[in-house]
Amino acid sequence: MSYKTIIGLEVHVELKTKSKMFCGCSADYFGQKPNTHTCPVCLGLPGALPAPNKTAIDWCIMIGQAMNCQIANFSKFDRKNYFYPDLPKGYQISQYDQPFCEKGFIELSTGKKIGITRVHMEEDTAKLTHQGDYSLIDFNRSSVPLVEIVTEPDFNDAKEVVEYLKKLQQIVRYLGVSNADMEEGNMRLEPNISLQKEEETSLPKYKVEVKNINSFRFVEKAIEFEIKRQAEILNEGKTPIQETRGWNEIKNKTISQRIKEEANDYRYFPEPDIPPIRFTQDQISKIKSQIKELPDEKLKRFQKEFGLSAYDSEILTRTIETAKYFEEAVSAGKSHKISPKQIANVIINKKIDVNVVLPAQLLQSIISSSQTTSIDEGKLGEIIIQVLKEHQKAVSDYKSGKETAIMFLLGQVMRQFKEKIDANKVKAVLTAKLK
Amino acid sequence: MKLNELTIREAREGLKNKKFSSVELTKACLEQIKKHNPSLNAFITVTEKEALEQAEKANNLLLQGDALETMPLLGIPIALKDLFSTKNIKTTAASNVLKDYIPQYDSTVVGKLKNAGAVIIGKTNLDAWAHGSSGENSDFGPAKNPWNKEYVPGGSSSGSAVSVASDMCIASTGTDTGGSIRLPASFNNIVGLKPTYGRVSRYGIIAMASSLDSIGHFTKTVEDSALFFNITAGQDKFDATTLPNPTENFTKSLNMGIKGLKIGIPKEYVTSDLDKEVKAKFEEAIKIFKGLGAEIVEVSLPHTEYGIAAYYIIQPSEVSSNLARYDGIRFGDGREAFGDEAKRRIMLGTFTLSSGYYDAYYKKAMAVRTLIKKDFDDAFRNVDALISPVCPTLPWKLGEKINDPLKMYLSDALTVTANIAGIPSLSVPAGFSNNKLPVGIQIMGKQLSENLLFQIGQAFEKATNYYKQKPNL
């Protein structure tokens with residue numbers, strides 16, 4: 001039987017604001033000594049209250065805007081109630097029915113649009129470390145701003161998912177709002193995968209959520225694995241169980257973690273400690289005006305403005321640092337009459353590390369590699385005569401139509417010069433002599 | 001007159017004129033506590049050592065001259081409801097869950113009081129987690145009514161009210177979620193202010209129901225209430241629900257009188273359910289207001305009857321979420337240490353928020369909330385303020401309602417609406433029953449109208465002087 005793969009995605013992106021979502025503690029927790037970035041608020045001590053981080057909210061909206069979402073004029077925070085030792089208040093402050101951003105899309109290279117259901121703001125939990133028969137809690141991560149981006153079930157294969165994820169990562173990095181580093185856990189993803197029979201029109205009645213995926217490579221593997229696993233079950237005439245599975249990178253498979261009988265009852269209700277938030281059109285526009293050129297726009301501009309191919313433009317705009325570097329080099333190169341294409345070629349072909357080589361150094365190397373000493377015409381003539389005399393065979397080969405022979409002769413001539421000389425000029429003289 | 005019987009204003013004057021020192025004043029309060037706390041059970045923790053240290057410091061500052069100008073409570077003993085987090089001082093919420101919990105930080109209000117020079121004399125008893133109307137839900141035993149120890153002092157801020165009424169301190173703090181300041185104030189013949197929601201920071205005060213909790217205080221006089229409010233009111237960056245309005249001087253209109261003011265009587269508050277003696281005292285009060293030149297009119301707040309029902313959905317819903325952090329993992333004892341009333345509210349709230357019930361309960365209650373707010377908005381278009389009894393009944397005997405939660409809940413019928421609407425209300429003494437139990441009335445105004453409430457309360461107090469009567473301990 002053949003099936004259509006249906007995948008929806010939930011991605012969590014941690015923002016790199018200076019302070020946490022609801023208190024003044026530093027949000028930079030990676031590699032810090034456990035429980036050193038804490039206060040009554042992020043520890044959930046009795047009486048502590050959340051004071052929302054305005055920058056984080058602005059950034060969440062910016063992400064939504066970059067993903068073509070509609071921004072709510074009226075929004076609020078809600079409490080998501082559940083018990084877990086990493087959740088000090090016994091609830092997570094999140095957004096339920098009125099998120100900041102809704103109904104956006106991201107366009108893939110094929111032109112297919114992936115629908116963005118919502119982009120909302122919430123807080124991260126503390127980090128649990130399990131050691132033997134006990135567990136340790138590090139609250140440094142507790143209440144770090146987290147943006148959740150939920151897509152429609154619009155993906156039909158793993159490749160689309162990976163392209164989308166790379167785009168999303170690129171966008172938030174372009175916006176400068178998150179490092180979106182999967183290994184450090186700034187970007188976490190959970191695909192929901194199910195298979196639809198060809199003849200079916202409605203969505204499958206089950207879905208399988210996969211967690212613990214910390215690289216793009218694994219997301220592809222995990223999806224491929226699930227497609228195979230679920231197809232086998234469906235082929236037997238059964239329906240896969242609705243469950244949460246975890247990717248095990250050692251066993252290269254997904255493993256059942258939790259079977260969801262019903263949806264969890266999180267008893268959402270409006271967060272009474274934070275008044276609802278109203279945005280004027282003016283405020284929304286102001287946030288939008290802070291968004292600089294996004295990857296897709298930049299790519300198109302590079303093609304148009306610099307006459308680059310789509311391929312080159314894509315490579316140069318992959319990170320904002322490379323793009324910026326390229327543009328700096330182009331503008332500095334103008335006075336030396338170095339074309340954007342030349343610069344692009346060097347950056348791409350020589351895999352220039354933009355963090356190491358300064359644009360000025362790059363230009364210098366282009367200039368010196370194309371600079372040639374002027375040739376002593378008399379000396380050149382003599383050398384050519386000498387070379388032609390010594391290599392009669394090549395001369396006759398050339399004359400009998402083997403044009404490549406000229407390259408051999410050219411090489412022989414060039415060898416006689418210690419300094420760098422213009423090969424094109426030498427070739428012209430050589431050709432004339434051979435006539 | 002004994003030093004501990006002074007009002008804030010009197011104590012300030014005495015300290016300023018060096019008639020006595022802060023240490024003498026503090027010792028007078030501590031002695032009163034030693035003498036009567038064993039029978040009244042107003043305090044859970046008495047911070048004698050710290051209080052005397054603070055009093056010593058205050059003495060030194062007072063010698064330097066004009067310190068009282070910048071520190072309006074310098075050297076004055078204040079008691080705190082044991083929901084207010086106090087750095088390095090045990091804060092129990094009167095629950096066994098937190099019986100040994102020592103906060104690492106001060107709540108905003110405590111910080112403000114300390115900055116104003118107050119001497120923190122101790123932490124007062126309450127219904128555990130502020131759940132209750134009688135004070136009997138305390139895991140540390142009930143506080144007793146100083147007017148008759150067989151009677152409840154009212155709750156949930158039971159100990160705070162008792163400590164002021166029995167002159168164990170000069171003033172005290174409280175929280176009012178559905179009447180927890182006004183009701184005990186009225187049962188103790190003292191003044192209790194429930195401010196506009198968001199006018200005083202909740203930061204650091206153990207939350208009961210976040211959208212209803214108002215942070216206020218108990219004082220012996222209306223003027224003291226205004227003085228105290230000058231210190232506690234104001235926006236706090238740690239509490240996102242505090243209002244941005246600039247704070248005023250709350251004593252400025254105290255003595256303006258009430259001639260020509262239009263005061264409404266909500267007819268739904270004065271029904272046959274009202275105790276006869278309470279009704280009689282309220283009618284007396286109306287006469288006094290008339291005599292002071294106020295125009296009295298009847299108004300209608302048509303959704304009043306749904307107040308308790310809406311309150312007992314919104315409040316337990318928030319309680320169930322707010323108490324979730326007491327899981328025994330990081331501090332405090334485990335959940336098994338919760339008392340019956342807390343368990344009851346956790347279960348009620350968990351139910352009303354559950355999927356499938358949310359729309360029928362929580363959402364509907366929030367719709368009622370909007371209607372009750374509108375009732376008040378409409379009323380305040382026609383009148384300057386509203387007056388009503390605080391509690392439909394007189395103080396009851398200890399144990400009388402403890403096994404009937406619904407009856408207990410109904411004692412808040414006239415107070416919950418102010419919390420639902422977020423408006424301020426001032427409870428002032430209105431006389432005594434035949435068996436010498438205090439009766440109070442409340443003066444309600446629109447949001448941010450505390451100045452007007454003080455003005456009206458002051459006029460009534462000057463005309464009646466009930467506050468001068470003290471319980472016979």
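These notebook entries record what I looked up in a predicted model of chains A and B.

**Conventions.** I took residues as numbered from 1 along each chain as its sequence is written, with chains lettered from A in the order in which they are written. In this predicted model, local features need pLDDT of at least 70 and side-chain atom pairs count only at pLDDT 80 or more, while totals for chains, interfaces and linings use all residues; side-chain values use heavy atoms, without hydrogens and water.

**Confidence.** I read an ipTM of 0.95 and a pTM of 0.90 for the complex. Chain B has an average pLDDT (the predictor's confidence in each residue, from 0 to 100) of 96.

**Chain B.** I listed 15 helices and 11 strands, both being DSSP runs (H or I, at least four residues, for helices; E, at least two, for strands). The radius of gyration, taken over C-alpha atoms, is 21 Å, close to the 23 Å that the globule rule (2.2 Å times the number of residues to the power 0.38) gives for 473 residues, so chain B is as compact as a globular protein of that length. Its C-alpha atoms fill a box of roughly 60 × 60 × 45 Å along the principal axes. I found 64% of its residues buried, that is, under 20% relative accessible area (1.4 Å probe, protein chains only).

**Chain A.** Here I listed 13 helices and 16 strands. The radius of gyration is 30 Å, well over the 22 Å from the globule rule for 435 residues, so chain A is more spread out than a compact globule. Its C-alpha trace spans about 95 × 55 × 50 Å along the principal axes. Buried residues make up 51% of chain A.

Conventions:
Buried means under 20% relative accessible area, exposed over 50%, partly exposed in between (1.4 Å probe, protein chains only).
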